[in-house]
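User: Could you walk me through reading a sheet and a helix pair in this model? I would like the general idea each time, then the case at hand.

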Amino acid sequence: MADFKGKLQEHFGDAFIIERELSGGGMSQVVLAQDVRHNRRVVIKLLPASLTAAISAERFEREILLAAALQHPNIVPVLSSGKMNGLPYFIMPFIEGESVRARVRRGPLSVRETVNILKDVTRALIFAHGRGVIHRDIKPDNVLLSTGAGAAVVTDFGVAKAITASRHAGQGATTSGMTGAGMTLGTPAYMAPEQAAADPNVDHRADIYALGILGYEMLAGAPPFHGRTPQQLLAAQMTEAPAPLYTRRYDVPRALNDLLMRCLAKEPGRRPESAAALLRLFEDPEVISGAFAAPEPMAGRRRLLLYSAVGLALLAGTGWVVRSRLTGAEPAAVAGRPAAGMSIAVLPLRVVGADSGTRELGEALAAGLGPSLSQLPGVRVASETAVRAAAGRGQVGPGDLARQLLVTHLLEGTVQRERQRVRVTLRLVRIEGDSTLWSRTFNGHTDSTLALQDALSQGAAQGIRPGG
């Protein structure tokens, strides 16, 4: 890095002070620098020699200048571009904040947060598509959450198009070389089927497909076909229907689930016809606060277990009322309101993936949270039996669930397993205002589930504050 930094500093001279290399550059090498003349921080993105060998640097610079004309509040602009030792580079403003990728690592986003970000990205797409610029690589890394502006901004607009156009113009590029370079232009987990098939007629609807996956990942914690090889991902994008969002998360409104699944249609003609049309659909109040997608019908055995659980919950509630009357206290269940302090329902962990063993592991890990949290002063925790009974009654959203259980907060999460590694994300949600109060990701091993369960309990206890 020192040698690379030295070469950059030598090339730019006194105009920029090269500070450090940044991660997450994807198809480019990214450094943070100080623009001395304008007293501002910028990022310099340099294309690697392995990619530029098959492109025309002059054509790339002409194409990237077209993207530089995009001036919009939700688009990170290109400030300038050039060549260093024959390698093309371009300069963009440094955005204070974090990427959606970094945000998702801390856990899934709320419905409201997700829709607000998707609206900002869609506004960027409307502006760019109206000027003939397709992004071709919408993904969490390229969407930044600006601390100052309080909005989502999209970076690297037009870069994939510039590489594609200049690659085709490059002299001596073979078909195999073009294909190899083309594989680096998009990211398989977010590629539209027509991109995966190398269709030369890819249009703006590829961005709409990628935006659908972006929304899916923000809500579910992982994209639809997570955990597969690049080749398997490309095949899945072309042939496999993703699992509906409501199978990954209980509180997704039906309208939002249906809209994102429509964005993920294999045929471009079945997606929203334009980014402008998509934004109008996002403005529908049902997308944020509408009815929730119905769960799959329960088999007879599960229904019998549910009825048994409901009966036990009713008996437990009756015993609670009797005990309260004997002691002279008036419990929240009798008064029809949550108890004083913080009241929480611990929901079953949602499984990322379809592995049955992971589901059982998630149930075991979640089972230890309730008893642990109930030991905290001022915290009332709904019983596991009552939670399961209430959640199984049909179209139950978080607000309805909280009212049935007389709680003000929900502790939800996801569990994901890859071979022997386990990742659990917990999120504390306050029902009033649909706001996330606390979120954290825990990593463990299948050989030490007790240690992971202890870590979950301790972490959740630290994140919960009575009366919050």
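Analyst: Gladly! Let us begin with burial: a residue is buried under 20% relative accessible area, exposed over 50% and partly exposed in between, with a 1.4 Å probe and protein chains only. Strands (E, at least two residues) and helices (H or I, at least four) are DSSP runs, numbered from the N terminus. This is a predicted model, where local features need pLDDT of at least 70 and side-chain atom pairs pLDDT 80 or more, while totals for chains, interfaces and linings use all residues. Residues are numbered from 1 along each chain as its sequence is written, and side-chain values use heavy atoms, leaving out hydrogens and water.

User: How many residues of strand β3 are buried?

Analyst: Five of the seven residues in β3 (residues 40-46) are buried, so the strand is mostly covered.

User: Which strands make up the sheet, and in what order?

Analyst: Two strands pair if DSSP finds at least two bridges between them. Here five strands form an open sheet, ordered β1-β2-β3-β5-β4 with antiparallel pairing. At the edges lie β1 (16-22) and β4 (80-84), each pairing on one side only. Ignoring direction, neighbouring strands are turned by 30 degrees against each other on average.

User: Which strands pair with β3?

Analyst: On the β2 side (residues 29-35), seven bridges make an antiparallel pair with β3, and L32 stands opposite V43. β2 and β3 form a hairpin with four residues between them, and N39 in the turn has a positive phi of about 50 degrees. With β5 (residues 87-93), β3 pairs antiparallel over five bridges; there K45 stands opposite F90. Moving over to β1, six bridges join that strand to β2, with R20 opposite L32.

User: Now the helices: at what angle do α11 and α12 pack?

Analyst: Axes are lines fitted to C-alpha atoms, for helices over the stretch in contact, and angles run from 0 to 180 degrees between N-to-C directions. Helix α11 (residues 254-263) packs on α12 (residues 275-282) at about 165 degrees, with the axes 11 Å apart. The two are therefore roughly antiparallel, a term for angles over 145 degrees.

User: Which residues meet there?

Analyst: Contact means heavy atoms within 4.5 Å. From α11, L256, L259, L260, R262 and C263 meet L278, L281 and F282 of α12.

User: And which α12 residues are buried?

Analyst: A275, A277, L278, L279 and F282 are. The buried residues of α12 pack against α5 (111-129), α9 (205-220), α11 and α13 (286-289).

Methods
Angles under 35 degrees count as roughly parallel, over 145 as roughly antiparallel, 65 to 115 as roughly perpendicular and the rest as oblique.
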